[in-house]
Amino acid sequence: MKLARFLAKGRVHQGVFRDGLLLDEAGEAHDPEGVTWLLPFTPGKVLGVALNYADHAEELGLARPEEPALFWKPNTSLLPHKGVVLYPKGARFVHYEVELAVVVGRPMKRVKAKDALGYVLGYTIANDLVARDYVTNTFRPPIRAKGRDTFLPLGPFLVVGEVEDPQNLWLRAYVNGELRQEGHTSRMLYPVAELLAFISEFMTLEPYDVLLTGTPKGISQVHPGDVMRLEIEGLGALENPIEEEA
């Protein structure tokens with residue numbers, strides 16, 4: 001089931017996406033191009049994992065981490081499908097990162113990897129945007145680079161009960177219709193279940209907390225005026241334009 005939240009006819013709706021249409025609570029159909037998209041749910045904590053694909057670490061000239069390298073994304077960075085990403089004034093190198101986002105369904109504390117997927121509510125698509133200008137040793141973890149307002153588009157759907165194996169999904173990122181990035185979740189250094197187990201050993205994960213699981217090789221620079229479209233097999237497509245910050 002693909003769950004969505006959207007604004008139509010002056011009301012906020014929680015509905016489902018089916019056969020190319022958004023169906024609201026009453027079963028009324030809405031054209032996806034004629035609504036204002038909202039986040040598909042209200043996230044709790046948002047945690048990211050850096051360098052979780054070997055090829056991405058290699059393209060940045062960085063060593064593979066010896067354990068999951070975690071960072072925070074503040075909730076003020078969240079942005080829905082079709083929302084406008086603001087390009088920071090003075091930045092020279094901003095790039096996208098297509099990532100599988102895992103949504104926790106029930107409290108997790110010291111959960112074993114073999115049981116971890118049973119605590120997952122669903123999955124969605126994340127764009128972990130980065131202003132690479134600010135990724136230096138001074139700013140690791142790179143909050144200034146990754147935590148900017150609008151730097152975490154998420155959606156368009158919360159997909160529940162449709163992903164049989166989170167380690168068997170293709171990820172792709174397009175900029176202005178050009179394929180820029182492609183990878184497969186089987187190539188994660190730390191798979192979803194291991195990441196959840198690692199984090200829950202020292203931190204309680206709660207319903208609607210979000211885990212961003214890393215990005216594969218293929219990042220490239222984007223600019224104001226570009227449109228990013230991120231796709232993950234079975235999860236839909238997350239699209240966001242970029243405009244210069246006022």
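## Terms and basis

Two strands are said to pair if DSSP finds at least two bridges between them. Helices (H or I, at least four residues) and strands (E, at least two) are DSSP runs, numbered from the N terminus.

This is a predicted model, in which local features need pLDDT of at least 70, side-chain atom pairs count only at pLDDT 80 or more, and totals for chains, interfaces and linings use all residues. Residues are numbered from 1 along each chain as its sequence is written, and side-chain values use heavy atoms, with hydrogens and water left out.

## Strand S14 and its partners

Strand S1 (residues 2–8) pairs with S14 in the antiparallel sense through 2 bridges; here Leu3 has Leu158 of S14 as its bridge partner. Strand S12 (residues 120–127) also runs antiparallel to S14, joined by 3 bridges, and Tyr123 lies opposite Val159 in S14. The pairing of strand S8 (residues 78–79) with S14 is parallel, over 2 bridges, with Leu79 opposite Pro153 in S14.

Of the 8 residues of strand S14 (residues 152–159), 8 are buried, so the strand is largely enclosed by the rest of the structure. Buried means under 20% relative accessible area (1.4 Å probe, protein chains only).

Strand S10 (residues 94–95) and S13 are antiparallel and share 2 bridges. Within this pair, His95 stands opposite Val130 in S13.

Notes
Buried < 20%, exposed > 50% of the residue type's maximum accessible area, 1.4 Å probe, protein only.
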